[in-house]
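Let's take a walk through this fold together, one stop at a time. Have the sequence and the model side by side as you read.

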Amino acid sequence: MNYRRLGRSGLKVSELSFGSWVTYGSQLDTKLARECMAAAWDAGVNFFDNAEVYAGGKSEQIMGAALADLRWPREKYVVSTKFFWGLSDGPNQRNTLNRKYLLHAIEASLLRFGLEYVDLVYCHRPDPNTPIEETVWAMHDMISRGRALYWGTSEWSADEIRAAWDIAERHHLHKPVMEQPEYNLFRRRRVEREYLRLYEDIGLGLTTWSPLASGLLTGKYRDGIPDDSRAALKGYDWLREALTDPARNAAVADLQAVASDLGCTLPQLAIAWCASNPHVSTVITGASKPEQVVENMKAQDVIARIDAGVRERIDALTGKLAR
Ligand code: NDP
């Protein structure tokens with residue numbers, strides 16, 4: 001496994017990492033989560049992604065329990081959480097990045113994890129109802145109080161990220177280091193265009209999500225919805241239309257030839273393609289079974305094979321369908 005700097009920070013993260021959205025709590029109990037994390041760790045993963053809102057707080061509890069069982073030295077792994085949506089109702093508890101919510105949320109999250117600090121903390125979405133300056137000060141204070149080491153954003157616009165960075169620069173506060181955007185063969189614009197100037201100007205790092213577009217890029221949805229897949233889960237009906245889209249599934253079928261020529265599987269090709277973008281610090285993978293983790297982590301051997309020629313072939317098959 002290679003380790004890349006998280007943007008301009010000195011922190012090194014494995015180029016492939018492992019997250020808990022959808023799976024922890026609904027498909028993986030603590031035992032299976034521990035097995036998946038152990039498989040990722042054995043492959044060299046040092047970053048495990050989480051969020052307050054995942055499974056209503058249960059995902060942090062499961063990861064914390066798994067970490068306690070695994071007994072890895074705390075200095076060797078990186079854990080994240082994210083805040084915005086909140087876990088309970090109230091004017092200062094939902095859909096906000098105000099100071100009151102954020103400084104309460106981190107304490108509750110650490111209790112669920114059973115950790116003294118998280119390494120990375122994200123503002124999970126932008127909040128148009130809180131001044132960015134208030135949020136930046138709260139994130140700075142979270143770090144100054146020792147509750148987190150680095151902070152960043154998720155799905156913020158380039159303008160919002162730059163505004164936060166400028167405020168932090170002006171007041172000598174801890175700056176946002178990383179952004180967590182969706183990035184896969186069908187979702188490219190933000191990473192490849194919108195953020196372009198930020199990589200150079202402020203040294204933005206990326207921890208990208210959904211490299212398989214929730215499983216679409218594995219090819220498993222070509223003939224409908226398998227019973228044991230994410231699209232079959234209760235509460236995820238909203239994903240079904242995108243996952244069974246005929247044009248995208250036809251493109252995925254065509255990608256099989258590229259994967260075969262590279263001697264890898266479709267998931268490995270799709271994950272390696274994300275990691276081959278030098279602006280990406282780490283590709284956060286997801287899995288509902290330990291076997292998927294083992295397969296996906298082998299994508300690290302495929303990254304170097306994604307050369308200009310391969311990229312052109314992939315673009316010809318998927319480029320028109322990408323947003
Ligand atoms: P992917 O797009 O890679 O989808 C992962 C899912 O695809 C798995 O849970 C599994 O679902 C299926 N899958 C994975 N590998 C294989 C395989 N080898 N063969 C067949 N099926 C496979 O990533 P996620 O959408 O899970 O996102 C990854 C992480 O990113 C999350 O865990 C989370 O940490 C983060 N994230 C962050 C967001 C944000 O807003 N910041 C939003 C979303 C995710 P199944 O088996 O059930 O079909």
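What covers the buried residues of α6? The cover includes α5 (132-144), β7 (148-153), β8 (176-179), α7 (189-194) and α8 (196-201). Before going further, bear in mind that this is a predicted model, where local features need pLDDT of at least 70, side-chain atom pairs count only at pLDDT 80 or more, and totals for chains, interfaces and linings use all residues. Residues are numbered from 1 along each chain as its sequence is written, and side-chain values use heavy atoms, with hydrogens and water left out.

Back to α6, which takes in residues 158-171. Helices (H or I, at least four residues) and strands (E, at least two) are DSSP runs, numbered from the N terminus. With 14 residues, α6 reaches 20 Å from its first C-alpha to its last, close to the 20 Å expected at 1.5 Å a residue; that expected span is 1.5 Å times one less than the number of residues. Its buried residues are A158, I161, A164, W165, I167 and A168. Here buried means under 20% relative accessible area, with exposed over 50% and partly exposed in between (1.4 Å probe, protein chains only). An α-helix has 3.6 residues a turn, so residues three or four places apart point the same way.

Now hop over to G57, which sits 30 Å from A168, C-alpha to C-alpha, and 111 residues away in sequence. You'll find G57 in the loop between β4 (47-49) and α3 (58-70). G57 is buried, at a relative accessible area of 1%. Setting aside neighbours within four places in sequence, G57 is in contact (heavy atoms within 4.5 Å) with E52, L87 and R112.

E60, Q61, M63 and G64 of α3 make the contact with S109, R112 and F113 of α4.

Last stop, the cysteines: the whole structure has zero disulfides (pairs of cysteine sulfur atoms within 2.5 Å).
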